[in-house]
Amino acid sequence: MKKSTLPVVEVSGKPYELGRAAGKKCAQKAVVYKKSISESVLYYTGQSWDKAIRRAKLYLPFAEEFCPDYVEELRGYAEGSKLPFDEVFTFCCHELLSPQGFKGCTDIVVNGDITEDGHVLAAHNEDWSGDALATVVLLHAKPAGKPEFFTTSYAGILPSCGMNSAGISLTGNALSPNDVRLGIPKIFPVRKVMEARRIGEALEWAAPDERASSYNNIVTDRNGEIYSLEGSATDCARIYGIDGYLVHTNHYTAPKMEKFEAEPNAMSCSIFRFNRALRLIERQLGTVTVESMKSILRDHVNRPGSICRHAEPGKHSLDVSETIFSIIYDLTDLEAHVLKGKPCAGEYETFSLKG
């Protein structure tokens, strides 16, 4: 198999400068992403793109209060990409405007208690529409006065997961809570955590009180502290990786959060991937390595609904969910092992945040 990696986009500077550089370098991807998001909103809700923009504006005051620097990045991105700011901001709200759709992503996080070499590893398979892969880059950002970071980023502006030079990572999974409200768009905590210098900051920022909704945000640090924040808009379960490992997919696992599951009868694929990944990592306790984690991310039991997920034949293109990239963060060595496409079809390439 050949190495297959995402395009790398390097940006630096103050928020506006950082965003402008990303927008300029990813301008074509931004146009493709706009088309994808507008079609998704129309397909799932019947709403026009203009109506989506009007609705997204309601979330802007919450975003500006929580993370004004990211809003400034978005303004810079709008200039660089030559798209209106209102459209760029709507990108950040599309999962609130159209909460149905893709349910995917499998995460496995382990610390030095169970790895062979004592390293802390955070692994993530991203499951989404195959068409979206054309928009994804590995963003390598050097913000002025803040930690350097990698994120896998849609169109160079919407982070999926990331790791920073302070040894903090955020990975995670989409959830389907039934209490979505006006508030902080759920992509904003993901971006804000990339500024954290310690685990306490990351935990605080990953689940802000005024959030509109939430992913399951998994926060890990290089000391081996692992937390899964199963959030909805109004509640959150903070699950600690007490045994040195943690697995999560796309359903609530904490009993107190089960009442927030919007589609409890549509979770069979998520439940399978969760139990399969848990079983596979427990086989490796004490011997886990980057290479052994890759073997789990490539697992095909229950294909197409496997950990390495494949498109289900016969579905509408907007209903398809498949693994479009895979990443393993080594928080000990500050390395990102990145693969474009399905883990079964390529080799990972390694990038470092060390000098």
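Lysine 57 is partly exposed, with a relative accessible area of 44%. In this predicted model, the side chain of lysine 57 forms a salt bridge with that of aspartate 86, at an N to O distance of 3.3 Å. The two partners belong to distant parts of the chain, 29 residues apart. This briefing sets that pair beside other charged residues, the cysteines and the overall fold.

**The pair of lysine 57 and aspartate 86**

- Lysine 57 is located in the loop between α3 (49-56) and α4 (60-66), whereas aspartate 86 belongs to helix α6 (residues 85-91).
- Aspartate 86 has a relative accessibility of 31% and therefore counts as partly exposed.

**Other salt bridges**

- In total, the structure holds 17 salt bridges.
- One of them joins the side chains of arginine 75 and glutamate 64, with 3.4 Å from N to O. This pair also links distant parts of the chain: arginine 75 lies in helix α5 (residues 68-81) and glutamate 64 in helix α4, 11 residues apart.
- Arginine 75 is partly exposed at a relative accessible area of 32%, and glutamate 64 is likewise partly exposed at 34%.
- Glutamate 195 and lysine 192 form another salt bridge through their side chains, at 3.7 Å from N to O.

**A buried glutamate without a salt bridge**

- Glutamate 95 is found in helix α7, which covers residues 94-97.
- Although glutamate 95 is buried, it has no salt bridge.
- The side chain of glutamate 95 does make a polar contact with the side chain of tyrosine 215, at 2.4 Å.
- Leaving aside residues up to four places away in sequence, glutamate 95 touches Trp128, Lys186 and Tyr215.

**Cysteines**

- A disulfide is a covalent bond between the sulfur atoms of two cysteines.
- How many disulfides does a search of the whole structure find? The search finds zero.
- For cysteine 93, the nearest cysteine sulfur is that of cysteine 92, 6.3 Å away, and cysteine 93 is in no disulfide. Cysteine 93 counts as buried, with 0% relative accessibility.
- Cysteine 344 is also in no disulfide, and its nearest cysteine sulfur, that of cysteine 308, is 3.7 Å away.
- Cysteine 344 is partly exposed, with a relative accessible area of 25%.

**The chain as a whole**

- The chain contains 11 helices and 14 strands.
- A compact globule of 355 residues would have a radius of gyration near 20 Å, and the value of 18 Å for the chain agrees with this.
- Along its principal axes, the C-alpha trace spans about 50 × 45 × 40 Å.
- Of the 355 residues, 61% count as buried.
- Among contacts between residues at least 6 apart in sequence, 65% join residues at least 24 apart.

Definitions and conventions: Residues are numbered from 1 along each chain as its sequence is written. This is a predicted model: local features need pLDDT of at least 70, side-chain atom pairs count only at pLDDT 80 or more; totals for chains, interfaces and linings use all residues. Side-chain values use heavy atoms; hydrogens and water are left out. Helices (H or I, at least four residues) and strands (E, at least two) are DSSP runs, numbered from the N terminus. Buried means under 20% relative accessible area, exposed over 50%, partly exposed in between (1.4 Å probe, protein chains only). Lys and Arg count as positive and Asp and Glu as negative; His and the chain ends are not counted. A salt bridge is a side-chain nitrogen of Lys or Arg within 4 Å of a carboxyl oxygen of Asp or Glu. A polar contact is a pair of N or O atoms within 3.5 Å; within protein, one must be able to donate a hydrogen and the other to accept it, and residues adjacent in sequence count only if both atoms are side-chain atoms. Contact means heavy atoms within 4.5 Å. A disulfide is a pair of cysteine sulfur atoms within 2.5 Å. The radius of gyration is taken over C-alpha atoms; the globule rule is 2.2 Å times the number of residues to the power 0.38.
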